[in-house]
Amino acid sequence: RSRGFPVTRTPAPKRAVRAAFDKAAGHYDAVASVQRTACDHLLALVSSQDFSPDRILDAGCGTGYALAGLKRSFPAADLLALDFAPAMLRQHAPGLARPLCADLEHLPIAGASLDALWSSYALQWCNPQRALPELARSLRPSGQLWLATLGPGTLGELREAFLHVDNNEHVLNFQPPEAIIKAAESAGLRVLNSERRTLHAWAPDLRNLLSDIKTLGAHQTGAAHRPPLGKSAWLRLVAAYEAYRGPNGLPASYDTFWLIAEKI
């Protein structure tokens, strides 16, 4: 348990993800350029509406990057910040939001108690058929869900490059937008707006790229532990990934889906 934060139990399959984010918390912001871009775009979509929430939860808040923007856009709102990695919550600027350590699929939030629920790059760690009803439950009627999540094209270069090495699963199979929309509608939410675009992170070589991906947690697959690649396999992987090199270096694609929905 974490000292200083109320903590609820995290299901066993997610413990490796929680441990990875706890370990990476102090370095996360240094490699999170794509995550910041996704947050900034979601905030622009949110701020373009005529909507003034009194109580907002940032679900899966990470190091708290979105909180300052939410505070600027909604200065009178009561902000809550939830993450299942205690070390992430410790990175927050003091006083911006009340911290909660819990899982998106098991929110310690009363039903119909939120005006808005923000979640950026967190839903992909969850089963949307379990998480979205829980998010919807916490919203009051006419409350809004503000979501950014990852689609199946995420880290496509890495997935393709590993086909030159073996047939194992090395990258998470993220849900397509159609599945997210269906789960949202089934949970009693009405879609107001949605967008999809691929964002890119860049690195000078594959070793640095993989280090950044590991820090961001996207390497977690839930598959059984595998030994490190041998020299021959590593060289095949490097050669395959070099086919994607561009003027900015080697890319990592993040297939990003933004959604604004209203509780019916």
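Contact, as the word is used on this tour, means heavy atoms within 4.5 Å. The model in the viewer is a predicted one, in which local features need pLDDT of at least 70 and side-chain atom pairs count only at pLDDT 80 or more, while totals for chains, interfaces and linings use all residues. Residues are numbered from 1 along each chain as its sequence is written, and side-chain values use heavy atoms, with hydrogens and water left out.

**The whole chain**

Along the principal axes, the C-alpha atoms fill a box of roughly 55 × 40 × 30 Å. Of the 264 residues, 53% count as buried, where buried means under 20% relative accessible area, exposed over 50% and partly exposed in between, with a 1.4 Å probe and protein chains only.

**The sheet**

Select the strands next: they include an open sheet of 7 strands in the order β3-β2-β1-β4-β5-β7-β6, with mixed pairing, two strands being paired if DSSP finds at least two bridges between them. Its edge strands are β3 (98-101) and β6 (189-203), each of which pairs on one side only. Neighbouring strands are turned by 15 degrees against each other on average, direction ignored; axes are lines fitted to C-alpha atoms, for helices over the stretch in contact, and angles run from 0 to 180 degrees between N-to-C directions. Helix α7 (residues 177-186) packs on this sheet, touching β5, β6 and β7 (250-263), and its direction makes about 20 degrees with that of β7.

Now look at β1, which pairs with β4 in the parallel sense over 3 bridges and with β2 in the parallel sense over 5 bridges. On the β4 side, L57 has L117 as its bridge partner, and on the β2 side D58 stands opposite A81. Strand β2 is mostly covered, with 5 of its 6 residues buried.

**From T63 into α3**

Move on to T63, in the loop between β1 (55-59) and α3 (65-73). The residue is buried, with a relative accessible area of 9%, and its side chain makes a polar contact with the side chain of D29 at 2.6 Å. A polar contact is a pair of N or O atoms within 3.5 Å; within protein, one must be able to donate a hydrogen and the other to accept it, and residues adjacent in sequence count only if both atoms are side-chain atoms. Not counting residues up to four places away in sequence, T63 touches A25, Y28, D29, M88, Q91 and H92. In α3 itself, A66, L67, G69 and L70 are buried, and the buried residues of this helix pack against α2 (33-47), β1, β2 (78-83), β4 (114-120) and β5 (139-150).

**The nonpolar cores**

A nonpolar core is a set of buried Ala, Val, Leu, Ile, Met, Phe, Trp, Tyr and Cys residues joined through side-chain atoms within 4.5 Å. The largest has 61 residues, and those with the most contacts inside it are W118, W146 and Y254; α2 gives the most to this core, with 7 residues. Centre the view on Y254, which, leaving aside its neighbours within four places in sequence, is in contact with residues including V34, Y121, L150, L155, R197 and I213. A second, separate core of 29 residues includes L80, L117, L132 and A187.

Select L155, in the loop between β5 and α6 (156-162): its phi is near 55 degrees, a positive value in a residue other than glycine, and at 1% relative accessibility it counts as buried. A112, in the loop between β3 and β4, also has a phi near 55 degrees, but at 43% relative accessibility A112 counts as partly exposed.

Finish at I264, in the segment after β7, which is exposed, with a relative accessible area of 69%. Its C-alpha atom is separated by 5.8 Å from that of G188, 76 residues apart along the chain, and, leaving aside neighbours within four places in sequence, I264 is in contact with G188, L189 and R190.

Notes:
Helices (H or I, at least four residues) and strands (E, at least two) are DSSP runs, numbered from the N terminus.
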